[in-house]
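Trainee: Could we go through this model together, beginning with the ligand and then moving on to the protein around it?
Mentor: Gladly; here it is.

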Amino acid sequence: MYQTTLSPRVSETDGVGHINNTTLPVWFEAARNPLFSLFTPDHDFAKWKMVIIKTTLEFVKQIYFGTDVEVRVWVKRIGNSSLELYEELYQNGEVCAKNAVTYVNYNLAEQKSEKIPEAIRAELEKHLYV
Ligand SMILES: CC(C)(COP(=O)(O)OP(=O)(O)OC[C@H]1O[C@@H](n2cnc3c(N)ncnc32)[C@H](O)[C@@H]1OP(=O)(O)O)[C@@H](O)C(=O)NCCC(=O)NCCSC(=O)c1cc(O)c2ccccc2c1O
């Protein structure tokens, strides 16, 4: 499991007093930085590999400014070129959001999906959801 702690910003709070729904995809993406580094270690966008293809976000409880949140990311399934992640966001020890997301290992220069390399696959297997 990959784990990231984030501090909600005042500007992420909406007129109703809770963290706005549009913020959550950004927080979940931030928690995927170790995975982006795995696929593109030098962060060169010309060689970027991870392209998002599908996401399903569940809002379980409201989230508020003033208390850090923790995002946990597991690898749910490693396909040929695709990768499914399962993610949970916690505040005060309670799960507030769940997200499932699929990425494709995509060669943007050649515009084609590519098999996930064995070395990356081995690293991903250490973070499988059980
Ligand atoms: C990504 C696509 C090109 C895939 O097209 P296609 O389906 O034709 O490809 P394949 O047949 O080869 O399938 C590959 C792989 O994907 C699985 N798959 C296909 N469809 C789905 C689906 N609906 N749900 C789940 N999985 C699916 C399929 O089974 C194959 O899996 P295997 O494991 O069996 O190989 C095409 O779909 C496409 O172009 N989609 C649009 C993608 C897009 O525009 N995404 C949003 C923009 S990208 C983005 O937001 C982004 C994020 C970043 O973090 C960036 C960081 C840095 C730079 C850029 C970034 C960026 O642009």
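**Ligand, helix and loop**

Mentor: A polar side-chain atom of S82 lies 2.6 Å from an oxygen atom of the ligand, which falls within the cut-off for a polar contact, a pair of N or O atoms within 3.5 Å where, within protein, one must be able to donate a hydrogen and the other to accept it, and residues adjacent in sequence count only if both atoms are side-chain atoms. Taken alone the ligand exposes 1,200 Å², and the protein buries 48% of that, with areas from the Shrake-Rupley method and a 1.4 Å probe, only the protein chains shown counting as cover for residues.
Mentor: Please keep in mind that this is a predicted model, in which local features need pLDDT of at least 70 and side-chain atom pairs count only at pLDDT 80 or more, while totals for chains, interfaces and linings use all residues. Residues are numbered from 1 along each chain as its sequence is written, and side-chain values use heavy atoms, with hydrogens and water left out.

Trainee: Which strand gives the most to the shell around the ligand?
Mentor: It is β2, with 4 residues, where strands are DSSP runs of E, at least two residues long, and helices are runs of H or I of at least four, numbered from the N terminus.

Trainee: Switching to α1, which of its residues are buried?
Mentor: In α1, residues 23-30, they are T23, L24, W27 and F28, buried meaning under 20% relative accessible area, with over 50% exposed and partly exposed in between (1.4 Å probe, protein chains only). Seen down the axis of α1, the buried residues fall within an arc of 130 degrees, so they line one face of the helix; the arc is that of the directions from the helix axis to the C-beta atoms.

Trainee: And K49, where is that found?
Mentor: K49 is in the loop between α2 and β2, and K49 is buried, with a relative accessible area of 19%.

Trainee: What does the side chain of K49 join in a polar contact?
Mentor: A polar contact of 3.1 Å joins it to the side chain of E114. Not counting residues up to four places away in sequence, K49 touches several residues, including F39, T40 and Y106, contact meaning heavy atoms within 4.5 Å.
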